[in-house]
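The sequence and structure come next.

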Amino acid sequence: MDLEAIRANVAAIVAAVSPAVVCAVVKADGYGHGDVPSAQMALEGGAQWLAVALVEEGIRLREAGVEAPLLLLSEPTPADAHLTVKWNLVPTVYRNSFVDALSEAVGDGPAMPVHLKVDTGMHRVGASPETALELAHNIEQNPRLDLQGVWTHFAVAEEDDEYTRTQIARFDDVVGRLAAMGINPPLLHTANTAGGLAYPEARYSMVRAGLGIYGLRPAPTIAPEVPLRPAMRVVSAVSHTRRYKAGTRPSYGRRRPLPEDATVATVPIGYADGVSRTLSSVGGEALIRGKRYPYAGTVTMDQVVIDVGDDPVEVGDEVVVMGVQGSEAVSAEQWAEWMGTINYEVVCHFGPRLPRQYRRGCG
Ligand SMILES: *Cc1c(COP(=O)(O)O)cnc(C)c1O
């Protein structure tokens with residue numbers, strides 16, 4: 001993991017969206033990059049807020065000594081209200097049941113900041129615009145709570161201009177109606193990476209950037225002028241080699257006959273580490289000595305086999321499963337294409353069994 005890349009990506013996003021501030025989204029263990037190091041680098045790069053999905057994720061960061069303001073992107077359960085207070089996690093709210101539980105948990109303590117989420121079209125979580133007005137009113141009336149933010153989330157910021165603009169208009173309408181009620185929350189935010197980079201009017205006070213801080217783009221067309229560099233490289237090393245005759249079928253299922261006599265290199269990384277077994281049938285590739293080679297058979301739990309033809313490959317040679325090696329690269333986008341998914345899911349899948357190495361600046 002290239003920590004310097006995360007710092008530089010955040011700095012580039014900060015520069016692009018300023019004067020809005022950046023809230024670095026480090027949920028799901030920092031999209032598979034490690035939540036604590038990603039958070040630390042994001043703060044070094046100029047992020048002023050952090051966000052995670054779950055209370056548990058917030059506690060992990062607090063236990064690691066992270067002190068920055070930390071937003072929970074989903075409303076916790078009422079049973080967890082006391083944990084959000086105890087660990088100073090800023091909750092998103094959209095239901096009265098949680099607001100009541102939170103108020104109770106605050107007790108005589110200092111007023112708790114909350115961010116009210118309005119559903120303007122994502123239709124996953126959040127209060128409808130009408131409910132949001134009522135909820136905002138209730139929060140304003142409650143001295144134990146402080147309505148610090150109002151926000152929404154885009155469904156298609158990377159691909160549908162018209163729908164995104166409709167969401168922005170609905171948000172503006174809610175903000176206008178709140179203002180008419182005398183409610184003016186200091187923080188307004190709507191944008192994820194795509195929204196923040198592609199829609200200046202969607203930046204408001206803060207941009208919640210996830211994917212971009214790890215150096216990936218939500219779509220190739222999003223802000224190509226903002227320099228982003230992938231922070232993750234997935235690397236292993238050849239653990240065994242053997243020469244086989246054409247027609248030999250390595251690995252489980254005996255699915256793929258070697259087209260020619262070939263050396264097969266075994267690499268100790270498998271689907272338990274995030275190298276999906278689906279790659280066996282859709283045809284993934286890995287890099288050794290700066291060259292691309294196909295998988296020679298089914299991906300197993302702990303190992304993969306690679307068809308290196310007649311090339312001189314030896315035990316100990318570096319194998320790049322994802323990332324750059326020499327002038328070749330296997331990108332997260334390439335993986336996403338093989339797997340029929342998006343780069344977000346690809347990086348999240350590289351699992352905790354893989355030892356993580358962090359360095360500042362890597363090739
Ligand atoms: C994950 C998430 C983000 C970050 O989105 P990216 O596309 O990764 O920048 C922002 N806001 C919410 C509510 C999210 O769940």
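This is a predicted model: local features need pLDDT of at least 70, side-chain atom pairs count only at pLDDT 80 or more; totals for chains, interfaces and linings use all residues.

On the side of domain 1 that touches domain 2, three residues are nonpolar, two are polar and none is charged.

Together, domain 1 and domain 2 bury about 420 Å², and 75% of this area lies on carbon and sulfur atoms. The size of an interface is often given in this way, as the accessible area lost when the parts come together.

## Domain layout

The domain assignment places domain 1 at residues 3-213 and domain 2 at residues 234-348. Taken over C-alpha atoms, the centres of domain 1 and domain 2 are 40 Å apart. Five residues of domain 1 and four residues of domain 2 take part in the contact.

## The eight-stranded sheet

Eight strands form an open sheet with parallel pairing, in the order β3-β2-β1-β8-β7-β6-β5-β4. The edges are β3 (70-72) and β4 (92-93); each has a single partner strand, so one side of each is left without a neighbour in the sheet.

Strand β6 spans residues 145-151 and strand β7 spans residues 187-191; the two pair in the parallel sense over three bridges. For Gly149, the bridge partner in β7 is Leu187.

## Salt bridges

Side chains of opposite charge can pair when their charged atoms come close. Across the whole structure, a search finds 21 salt bridges. One of them joins Glu44 and Arg360, with 3.1 Å between the closest N and O atoms. This pair links distant parts of the chain, 316 residues apart. Glu44 belongs to helix α3 (residues 35-44), while Arg360 lies in the segment after α12 (343-349).

## Backbone exceptions

Most residues other than glycine have a negative phi, and most peptide bonds are trans. Where does the model have a cis peptide bond? The cis bond joins Ser18 and Pro19, with omega at about 10°. Pro19 sits in the loop between α1 (3-17) and β1 (21-25).

Tyr31 is not a glycine, yet its phi is positive, at about 50°. Tyr31 is placed in helix α2, which covers residues 27-31.

Notes. Residues are numbered from 1 along each chain as its sequence is written. Side-chain values use heavy atoms; hydrogens and water are left out. Domain bounds come from an automatic or database domain assignment. Contact means heavy atoms within 4.5 Å. Buried area is the accessible area (1.4 Å probe) that two parts lose on being put together, summed over both. Ala, Val, Leu, Ile, Met, Phe, Trp, Tyr, Cys and Pro count as nonpolar, Asp, Glu, Lys and Arg as charged, and the others, Gly among them, as polar. Two strands pair if DSSP finds at least two bridges between them. Helices (H or I, at least four residues) and strands (E, at least two) are DSSP runs, numbered from the N terminus. A salt bridge is a side-chain nitrogen of Lys or Arg within 4 Å of a carboxyl oxygen of Asp or Glu.
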